[in-house]
Amino acid sequence: MTVLDVSGLRKAFGGLTAVDEVSFGVEAGQLFAIIGPNGAGKTTCFNMVGGQLRPDRGSVRLAGRDITGEAPRRIWRLGVGRTFQVAATFGSMTVAENVQMAFLSHHGRLRALLPSARRLYREQALAVLERVGMAGQAERQCGLLAYGDIKRVELAIALAHQPKLLLMDEPTAGMAPRERIELMALTAGIVRESGISVLFTEHDMDVVFAHADRLLVLDRGRQVATGTPAEVRDDAEVQRIYLGGAGAEAAARQIEARAGEQLPGERAEGEAR
Amino acid sequence: MIDPAFYVIQFLNGLASASNLFLIACGLTIIFGVTRIVNFAHGSFYMLGAYFAFTLTATIMPALGDALGFWLAIPVAAVGVGLFAVLMELLLLRRIYRSHELFQLLATFGVVLIVQDLVPAIWGPEELFGPRAPGFTSFVVILGFRFPEYQLVLIAAGPLVLGGLWLLFNRTRWGTLVRAATQDREMVGALGVNQSVLFTGVLFLGGALAGLAGALQMPVEPANPFMDINIIAEAFVVTVIGGMGNVLGAFLAALIIAQLQAFGILVFPEITLVLPFLVMALVLVVRPWGLLGTPEPMTGHGFAGDRPLKPLGRRAQLGLAALVAVLLLLPLGLGDYTEKLVLEVFVFALFAFSLNFIMGAGGMVSFGHAAYFGLGAYGAALAVKHLDFAMEPALLAAPLAAGAGALLFGWFVVRLSGVYLAMLTLAFAQIAWSTAFQWVELTGGDNGMIGIWPSAWASDVTVYYYLSLILCGAAIAFLWRASYAPFGYTLRAGRDSPLRCDAIGINLKRHQWLGFALAGTCAGLAGGVFVFSKGNVDPGALSIPTSVDALVMVLLGGIQTLTGPLLGAAAFHLLEAYILPLTDYWRAIVGLIIVVLVIAFPQGLAGFLRERLAGEESR
């Protein structure tokens, strides 16, 4: 089943066309990566799917339903969770309370004035925290956690809502290499067992080639290639964009090397299962 | 039919007051741009400029001759005020650059209070008439109207200063640094610029400009101890409308505000006080960052050291039960005066608690919470005076009136955040205050309304004491409960991370709006209870000092705790009751309390106690 169907997406800022005629589809249970050099339009594309930006043209459909230009809040209601480049959590609350907030919102209980918020949806929150390996730290204050752990809390918050689709903007930005591999292995494991789809942007090619099922390559707003990691890896134009026409041979070497590096990542993923 | 030439004269008068406003506001906006501190003491700088100029002209003019003496005294007075501003930077601001905006606002307000008591102590409480400006004592005739020459000097001063600032900011290295710091303070710091020196310099410049404005105003308006408060609210308006940190914006805004007032007084003389604040509210709705300002990033407004909310422990519950028992038994052993005093503590406890509900939990710093206290007080008083309500329905009218006001004002307020939000709450409170002050037929103006007494059954002090305890206690208990409930948590979530709220489907603005209205409603109830205990109400109930009292109570008790505002209200009100009659320097004392709290005990009494207790338990 196609969870996310993006077609003919276009966005211009003044005279600059940031994203031009981009189309792709994400299937259920798939990890889909958007990659490209700086300024390629990755984040613009991402924000049009998440509702932060309204596209000039084209459509975004979630499980068959048109969500083009809807507000982020609405898009969340329809089943899209999100994590940010710089993790955004509620720093003065405990880890459990952070996840409970997502449940309170999910169940429309935010305006309740009398019940104690600490007691509501606590079991459910702990269950989600268990999945991301944070149950042991449920009572700690979120703002005092190590960054890698905050990212896990963010993931738990997004999962609380049982999303159809998870949007992860550079999920491993700002993390140590070891933490990166662990976080992505964890995400991939959860995704595969629960059938959630993930759309993510990423600079780290190790992460991309280790986990993505399909890739979309953007360059200056244009869709250069779409396909499996192997297809994209062998695409002549992708090689040219990343390394320039003259460096085709060097490009081949680089990508070969990257293909080799993905092995440890895959092992980590296997362990997570 | 008014002579059309009169409009030209009125326009010129508008230009003169625009210059004055700009001279004050440009320093305010430069200081904000670089230090991110909204300087309440800027009005004090202005006032000191006038007083310094008065003293200097009195000493120098006899010695050096009128012309030289006068025109030397003006810049020297400005430099003197600049040095005063430097002193404030070194002693106070330097310690709070990294503090929460609430502490910064309050700290500079502490300076306002101290200067307000110092000035009459040094120069006396009377108005002081300065000399006229030598060389500009007569009139020119414009279109048949006589126009004071000195007004022309003032008209020229604004554009001259604007030009001078442009040269300073575009032609000197220091000016370039100031502009760079206004755009990105962190980056300038990272480039190895000595920030302390830069900040001190900026305070000198801003202070000197305000001092210059005050000194230049001396021949037009006598130096008096109310100059600071009268001008600061308008200077804020100009700064905010122009876009905080933007000098050209301040110039445009000063022109707009001064001309609106010059002509507004012809059309609607009764709304001149309200007009600038109405314009500011409108501008902020259309352009939340002012005419030429730049948007600030969407960030949370939490306080350093915010911790998860813990339910009351066993000991605290017992303590609370004991407190309630004591309060119930208290009238047995107290006289009427003390009973009334404690009753007022209930009122202020509710007032402060409601403020902390939006500020501590919601991260919305309100500098105008008195608006809702006052709307409650006036709501009840008007119901009694004009609608012949008895006490019972009037006490219901109080929270309803305040709640309606808070719903209306809050709709605008929650669209902003941080200092802009604080400034808008201040503007709305000034609108409410001006209305009460100027709409004499309805509100009695400055005198307010008297003879608002409880119904016969509640006229005994002890009965009214219990009534107040029940009403205020119930409202506090309700807000307390709401703080622990999902609604309170939602407000806290918005304070911590608006971005995350948006991503989990929380309509933050709507919840903040409801929270603002709920807090306003409760403050209104406090105002209603207050008015029946006093028997009268006047515009003081809606004034900036009342808003600041509430902030001091919260700060004194501790903003990060729920018990803090209650403790703070009790401590502050009892202090005021016992110390105020003994001294002429009550405001200065409050100012000092504020400064000490902000610098040394930002966690407040309750926070301090909590840390001590936590320390003992961990041992």
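Colleague: Why is A:Arg152 called buried?

Modeller: A:Arg152 has a relative accessible area of 18%. Buried means under 20%, exposed over 50%, and partly exposed in between, with a 1.4 Å probe and protein chains only. A value of 18% is under 20%, so A:Arg152 counts as buried.

Colleague: What are the ground rules here?

Modeller: This is a predicted model, in which local features need pLDDT of at least 70, side-chain atom pairs count only at pLDDT 80 or more, and totals for chains, interfaces and linings use all residues. Residues are numbered from 1 along each chain as written, chains are lettered from A and ligands numbered from 1 in written order, and side-chain values use heavy atoms, without hydrogens or water.

Colleague: What makes A:Glu182 and A:Arg152 a salt bridge?

Modeller: The closest N and O atoms of A:Glu182 and A:Arg152 are 3.8 Å apart. The rule asks for a side-chain nitrogen of Lys or Arg within 4 Å of a carboxyl oxygen of Asp or Glu, so the pair qualifies. A:Glu182 lies in helix H6 (residues 177-194) of chain A and A:Arg152 in helix H5 (residues 147-160), so the pair ties together parts 30 residues apart in sequence. Helices are DSSP runs of H or I with at least four residues, strands are E runs of at least two, and both are numbered from the N terminus.

Colleague: And is A:Glu182 buried or partly exposed?

Modeller: Partly exposed, with a relative accessible area of 34%.

Colleague: How do you know that A:Asp169 and A:Arg82 meet in a salt bridge?

Modeller: Their N to O distance is 3.8 Å, inside the cut-off. The pair links distant parts of the chain: A:Asp169 sits in strand S7 (residues 165-169) and A:Arg82 in strand S6 (residues 80-83), 87 residues apart. A:Asp169 counts as buried at 5% relative accessibility. A:Arg82 counts as buried too, at 6%.

Colleague: What makes A:Arg192 and A:Asp213 a salt bridge?

Modeller: The closest N and O atoms of A:Arg192 and A:Asp213 are 3.3 Å apart, so they pass the rule. A:Arg192 is in helix H6 of chain A, and A:Asp213 is in the loop between helix H7 (205-211) and strand S9 (214-219), 21 residues away. A:Arg192 is partly exposed at 31% relative accessibility. A:Asp213 is partly exposed at 26%. Elsewhere, salt bridges that share partners join A:Arg152, A:Arg178 and A:Glu182 into one network.

Colleague: What makes the contact between the chains?

Modeller: Chain A gives 33 residues and chain B gives 32. Contact means heavy atoms within 4.5 Å. The area buried between the chains is about 2,900 Å², with 63% of it from carbon and sulfur atoms. That area is the accessible area (1.4 Å probe) that two parts lose on being put together, summed over both.

Colleague: Why is H14(B) called mostly covered?

Modeller: Of the 18 residues in H14(B), 13 are buried. Helix H14 spans residues 370-387 of chain B. From first C-alpha to last, H14 reaches 24 Å, close to the expected 26 Å. That expected span is 1.5 Å times one less than the number of residues. B:Asp388 follows, with a positive phi near 55°.

Colleague: Which residues other than glycine have a positive phi in chain A?

Modeller: Among them are A:Ala63, with a phi of about 45°, and A:Arg220, with a phi near 45°. Most residues other than glycine have a negative phi. A:Ala63 lies in the loop between strand S4 (57-62) and strand S5 (65-66). A:Arg220 is in the loop between S9 and strand S10 (222-227).

Colleague: Why is A:Arg220 called exposed?

Modeller: A:Arg220 has a relative accessible area of 70%, which is over 50%, so the label is exposed. A:Ala63, at 36%, falls in between and is partly exposed.
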